[in-house]
Amino acid sequence: MSLLERIEHRLSSWIEGAFRRRIPRRVEPLEVGRALLSAVDRHKRVSMACVYAPNKFTIILSQGDLEDMSSLARTLEGELKGVLQEKAEKDQLRFIGPLSVAFAADPELTSGQLQVRAEFCEGQCEELPSQEEPKVDTQVFRRQQILGGCLIVEVGRGASSPIPLKDGMAIGRSSQCDLVLDEPNVSRIHARISKRDGEWVIEDSNSTNGLFVNGTRVTAVPLKPGDQIQVGTAVLTYKESI
């Protein structure tokens, strides 16, 4: 039995009948399941180590459909998480945090219309407002103690000009880092670069998704010209001089 057939069996065997009685000619559970799978395929991100899938999904319905679905929403959310887990196992996908499925209304949608918002959300998916950091563009850095050598963002939100290295340089999602990478799967402080015995050494800072150099996961390694560094979904190249 295919994955879609299993989804149809799981969702239709005990929920679909109730939906047909409650919301005839409106959004059916099978439509929601298919829309989720389609969203995963559209938004998955391929890295050198694995394929990442979104883990936070918001199912957006018309106000009327959402009200009619409210009594079954919690049960359906659990079923849909199971569907997503099955797809991840089948397609060897990796989630960067816990699965989250929620329903919301859009007053501009009419009865029977359905939208799915898929997002990558590290950790617990929700943070307190005081912990949120302003969005910043990739390639933000502070020019201090430049000692030679540079990084170039090859894959990320826009190609970059050479970024000079400095001793103790922090790379991550936090706005306090010297090189800010506002990319999926990047930890707040993902890695650091330091000068040791005349060499630049990059070191993983206990990141969630690991640090990769030339496709191999590393803890700490000296950099050589041409090395490709993967931080989350971003790929950087090390060059010896600017």
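Strands here are DSSP E runs of at least two residues, helices are H or I runs of at least four, and both are numbered from the N terminus. Two strands count as paired if DSSP finds at least two bridges between them.

A word on the model before I go on. It is predicted, so local features need pLDDT of at least 70 and side-chain atom pairs pLDDT 80 or more, while totals for chains, interfaces and linings use all residues. Numbering runs from 1 along each chain as its sequence is written, and side-chain values use heavy atoms, without hydrogens and water.

Back to the hairpin. Two residues separate strand 16 and strand 17. Gly 232 sits in that turn, with a positive phi of about 65 degrees. Across the pair, Gln 228 faces Thr 237 of strand 17. Is strand 17 enclosed or open? Five of its six residues (234-239) are buried, so strand 17 is largely enclosed by the rest of the structure. Buried means under 20% relative accessible area; exposed is over 50%, partly exposed is in between, with a 1.4 Å probe and protein chains only.

Now the whole chain. We have three helices and 17 strands. Of 242 residues, 45% are buried. The accessible surface is about 12,400 Å², and carbon and sulfur atoms hold 45% of that surface. That area is Shrake-Rupley, with a 1.4 Å probe. Contacts mean heavy atoms within 4.5 Å. Among contacts with a separation of 6 or more, 59% link residues 24 or more positions apart.

Strand 3 and strand 5 are parallel, over six bridges. Thr 58 stands opposite Ala 102 of strand 5.

Beyond four places in sequence, its contacts include Gln 115, Val 116 and Arg 117.

Which residues have the most contacts inside the largest nonpolar core? They are Phe 57, Ile 59, Leu 80, Leu 84 and Phe 103, in a core of 24 residues. Such a core is a set of buried Ala, Val, Leu, Ile, Met, Phe, Trp, Tyr and Cys residues joined through side-chain atoms within 4.5 Å. Helix 3 (63-91) gives the largest share, seven residues. Phe 57 touches Leu 36, Ala 39 and Val 40, among others. A second, separate core has 22 residues, including Val 153 and Met 169.

Last, helix 2 itself. Its 15 residues reach 21 Å from first C-alpha to last, close to the expected 21 Å. That expected span is 1.5 Å times one less than the number of residues.
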